[in-house]
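Here is a short note for a colleague opening this entry for the first time. Please read the points with the model in view.

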Amino acid sequence: MRPEPLLKLLQSVQIQNLYPDEILIIDGSTNNKTELVLNENQFENLHYFLVDDQNRGLTRQRNFGINKVGKTIKVVCFLDDDTVLEPNYFENLLETYNQFPNALGVGGYICNETKWEKASDNYIPKINEFYFDGWKRKDGSRFILRKKLHLDSDCPPGFSSSFSHGRSVGFLPPSDKIYQVEQLMGGVSSFRKSVFETFSFSTYFEGYGLYEDADFTLRVAKTGKLYLNTAAKLNHYHAASGRPNQYYYGKMVVRNGWYVWRVKNPNPIFKDRLKWHTITILLTIIRFNNTFTSSNKKEAFTESLGRIAGWWSLLFNKPK
């Protein structure tokens, strides 16, 4: 349902230093606008599939697409339709597999969302800063509060702690280095095709599929190595269309977050359980406070209601 962003993505693919052997568009639209755009703009090696209700939804569409991948393909790359690639994206992504033959998956690096500054090796960050590998950035209010309450993640970016609520790969700096991780963002990821002989995307994550990438990559990381190459750069523009309403989103944040936590830590000890619930409630309070402090008051309020409903639902209907 996002034909204009998709066209911009494909135009950035068109000027790649290394052009894909195959491009699969798995369209879950309920109209023909995406198909019309693709008919008007031809791209080499592109194959278009419009899925029905049975295969609609992020994880179902990915599994559908994997089954359509050509037999000679060795690496499968996934891209969200609201991304735009730097010209050497695929070249740098695939070079990672050459440098690390044990890699099962490699992620690209979103470079337009955060402002980083180079810092000294011995730099001591302020309470409102996050520092990693010689780089610093402003920290969000939720992380500042978590640090004050000793609830910050005890793992490097891209790794999930035993109580979850970690820092994503978005907290890795633009160093042009390659970092080992156990989580990748699904819309900027790639995997060896052989991975899909064992793994598929979980259909628990219906529709928008929030955190489906964390679930998939945490499972894959238990069997081999995943990396993120910060030199494989792209931009993410967060197209609003195609996203769920804020109440449903808030509910997914909590319920899907619980599900992913248990993928990493199926039998958490009491301390981990206490931390997960404490952070979940804390983040809900912060989001509810946005009702009074942000410009999008209605969205903040309805998302907060969704988070509250999602948390209470865990008492009698845990995700399976």
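1. Start at the loop between strand 7 (129-132) and strand 8 (135-138), where Asp133 lies. This is a predicted model, so read every value below as computed from it. Phi of Asp133 is near 50°. That is a positive value in a residue other than glycine. Asp133 counts as partly exposed, because its relative accessibility is 32%.

2. Ser164 also deserves a look. Its phi is positive, about 60°, although Ser164 is not a glycine. Find Ser164 in the loop between helix 5 (141-148) and strand 9 (178-181). Is Ser164 buried or exposed? Ser164 counts as buried, because its relative accessibility is 10% and the cut-off for buried is under 20%.

3. Next, a helix pair. Helix 6 (residues 212-221) and helix 7 (residues 246-264) have axes that come within 9 Å. The axes cross at roughly 5°. Helix 6 is therefore roughly parallel to helix 7, since angles under 35 degrees count that way.

4. Which residues make this contact? Helix 6 supplies Ala214, Asp215, Leu218 and Arg219. Helix 7 supplies Tyr259, Val260, Val263 and Lys264. By type, the residues of the contact of helix 6 with helix 7 are five nonpolar and three charged, with no polar ones.

5. Now go to strand 1 (residues 23-27), which holds Ile23. Ile23 counts as buried, because its relative accessibility is 9%.

6. One distance involving Ile23 can be checked directly. Ile23 and Phe90 are 67 residues apart in sequence. In space they are 13 Å apart, C-alpha to C-alpha.

7. Last, the cysteines. How many disulfides are there? The count comes to zero. Cys77 is in no disulfide. The nearest cysteine sulfur to that of Cys77 belongs to Cys111, 17 Å away.

8. Cys77 is partly exposed, with a relative accessible area of 28%. Cys111 counts as partly exposed, because its relative accessibility is 28%.

Definitions and conventions. Residues are numbered from 1 along each chain as its sequence is written. This is a predicted model: local features need pLDDT of at least 70, side-chain atom pairs count only at pLDDT 80 or more; totals for chains, interfaces and linings use all residues. Side-chain values use heavy atoms; hydrogens and water are left out. A disulfide is a pair of cysteine sulfur atoms within 2.5 Å. Buried means under 20% relative accessible area, exposed over 50%, partly exposed in between (1.4 Å probe, protein chains only). Helices (H or I, at least four residues) and strands (E, at least two) are DSSP runs, numbered from the N terminus. Axes are lines fitted to C-alpha atoms, for helices over the stretch in contact, and angles run from 0 to 180 degrees between N-to-C directions. Angles under 35 degrees count as roughly parallel, over 145 as roughly antiparallel, 65 to 115 as roughly perpendicular and the rest as oblique. Contact means heavy atoms within 4.5 Å. Ala, Val, Leu, Ile, Met, Phe, Trp, Tyr, Cys and Pro count as nonpolar, Asp, Glu, Lys and Arg as charged, and the others, Gly among them, as polar.
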